[in-house]
Amino acid sequence: MAEVEETLKQLQSQKGMQGIILVNTEGIPLKSTTDDPTTTQYANLMHNFILKAQSTMREIDPQNDITFLRIRSKKNEIMVAPDKDYFLIVIQNPTE
Amino acid sequence: MEIVYVYLKKRSEFGKQCNFSDRQAELNIDIPPNPELAEQFVERSPVDTGIQCSATMSEHEANTERFEMETRGVNHVEGGWPKDVNPMELEQTIRFRKKVEKDENYINAIMQLGSIMEHCIKQNNAIDIYQKYFTEEEEVEVTDEAPSAKTINVFRDPQDIKRSATHLSWHPDGNRKLAIAYSCLNFQRAPMGMSSDSYIWDLENPNKPELTLKPPSPLITLEYNPKDSHVLLGGCYNGQIAWWDIRKGSLVAELSTIEFSHRDPVYGTIWLQSKTGTECFSASTDGQVMWWDIRKISEPTEIVVLDITRKEHLESALGAISLEFESTLPTKFMVGTEQGIVISCNRKAKTAAEKIVCTFSGHHGPIYALQRNPFYPKNFLTVGDWTARIWSEDSRESSIMWTKYHMAYLTDGAWSPVRPAVFFTTKMDGTLDIWDFVFKQCDPALSLKVCDEALFCLRVQDNGCFIACGSQLGTATLLELNNLASMLQLSDPNIQPSMFERETHREKILEARHREMRLKEKGKAEGKDEEEELSTDLEALVGVAEEEFLDVIFTEMKRREAEAMRKQP
């Protein structure tokens, strides 16, 4: 338990971090550093996106799978680390 | 006609069981045919009937009941919660969350994900991985393909007795037409019955020439007038000059008189840049260069004898094989001779002796082609014997650059009009070489075997893409060059002039050295009496040199000792 907290705190302390959300495979946000409405919004939207990306990857090549997902936008970058049961979504504003 | 048959049944018999019985057939009505009715009709013969043998199909329509559809979006605010958990109730959600956190898999998963994520976050913080690099630089088109050329069309001499194609000229505008001069250049070996016609071909139609030009004697050179594309100038085998106007037809418009023309075949004819557009000049192996005005072509306006001793002796004149004139330098022209010497002449000189400015010698045989570089007029290309040479006007003793000696005689050469460092040469074994000395100096950049017989002449089109070459059997081949050979490369403008200058400089140094050596030789030859003095001088010189040498060594040694002593304490 403590390690989880510690890991998340470490991530949060990095430069440019805007938010961390931990979602399970059903889309339920388990942990979040942002406020509720943002959390739910990101959790739901990203959940669909991630599942779509995964299914696309598997359709192209059944032996292949997504290891990491990065969406770079004008204002920030959303990074997703997928796992068997959970997704870790991080929003960062990279300093140039 | 109404036929009525009444069936009667008694009411009491309704519902009665049917009892069928047999009886004979009864004739109810008999209507015989009435032939008179036939006259109201006309027999139809023949009868048109459409017959089709295909599967018979029927068409049905069906209409289903209308199905109502509507487009709607679904807004998922919260989802995925298991059934027993109500997303609204905070307590339940918290409980659910806590339960998940207890799962041991959860911890491991988070640790792992955390480390991956951290790596990427740090990456992002370190540099901007999406930064666009090299935006300032222009997109340089890098093509990996080597220069190449492919044959587009072949124009064959329609005559049975084959003559060689000795000269080609592109049409001045549009370059859709090609004028080719045919003749037999072997001395007095023209076969009987050889036609003296030359042709103008349209590039689209290689089967038949567009126009035939009929001179009195076979044409060796043929040139379009760059100002007026209907006028062509031709130099004949018998030394006459002729000009045609295409609008008038295929016969000669005007011919120069034999008495005043050249005495030998006319090897070079070029139009001059004049306001009237009617001036031209010609050169021949009889050693004369004549200027003409085609309005009065019976007599040349001016004659220059190519006698390099400047005495105007026709007997000692050199025969001219090629002629060169650049419109940007209108007073100068150059002549390439049979003896391998290039003579540079000045048109505006007052006396005939001054006409010949200087000579460049270096070839062992006739100079078949002579052309100034269109971008750097001080340098010119000559093609003759087995090499092609590039000269600079400044260095008179030798060429600044030359190719190696080939196996076959070189017959013609030309610069590329678009790329300053590229030139083309043709050889007696039927190959066309493309040289790019910015790219490679010892070998041609591209060597193409165009045909099996010898190639005699070559002409590049003004846009640099097309080359036409004529062969010994009269076939002219049209080649197209790809980009690399025909488009201006970015590196050219810087490298090329520096190359030329470097080579010119080198030649100048060599020239100076040669001059010195010659002077020394002269000095030695004159001073044979002073040999003894020279020898004593030599000994004295040697003695002095020895002393100096020893002095230097001693000073050096002393210096080293002093240094060593300084270093010790």
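Let's start in chain B, where D385(B) sits in the loop between β19 (379-384) and β20 (387-392). Its phi is near 35 degrees, a positive value in a residue other than glycine. Keep in mind that this is a predicted model.

**Another backbone detail**
- S45(B) and P46(B) are joined by a cis peptide bond, with omega at about 0 degrees.
- As for where that is, P46(B) belongs to the loop of chain B that runs between α1 (35-38) and α2 (90-102).

**Where chain B meets chain A**
- Chain A brings 36 residues to the contact, and chain B brings 33 residues.
- Put together, the two chains bury about 3,200 Å² between them.
- Carbon and sulfur atoms give 60% of that buried area.
- On the chain B side, the residues that lose the most area to chain A are L113(B), M117(B) and N125(B).
- Together, L113(B), M117(B) and N125(B) account for 20% of what the chain B side buries.

**The salt bridge across the interface**
- Looking across the interface of chain B and chain A, you'll find 1 salt bridge.
- K31(A) and E101(B) form a salt bridge, and their closest N and O atoms are 3.3 Å apart.
- Over all chains, the structure holds 25 salt bridges.

**A charged patch on the surface**
- Over on the surface, there's a patch of negative charge where E546(B), E547(B), E548(B) and D551(B) gather.
- One of these residues, E546(B), lies in helix α7 of chain B, which covers residues 531-567.

Definitions and conventions:
Residues are numbered from 1 along each chain as its sequence is written. Chains are lettered from A and ligands numbered from 1 in the order in which they are written. This is a predicted model: local features need pLDDT of at least 70, side-chain atom pairs count only at pLDDT 80 or more; totals for chains, interfaces and linings use all residues. Side-chain values use heavy atoms; hydrogens and water are left out. Patches are made of residues with over 30% relative accessible area and no salt bridge: like charges are joined within 9 Å, nonpolar side chains (Val, Leu, Ile, Met, Phe, Trp, Tyr) within 5 Å. Accessible areas come from the Shrake-Rupley method with a 1.4 Å probe; for residues, only the protein chains shown count as cover. A salt bridge is a side-chain nitrogen of Lys or Arg within 4 Å of a carboxyl oxygen of Asp or Glu. Lys and Arg count as positive and Asp and Glu as negative; His and the chain ends are not counted. The place of a charge is taken as NZ of Lys, CZ of Arg, CG of Asp or CD of Glu. Helices (H or I, at least four residues) and strands (E, at least two) are DSSP runs, numbered from the N terminus. Contact means heavy atoms within 4.5 Å. Buried area is the accessible area (1.4 Å probe) that two parts lose on being put together, summed over both.
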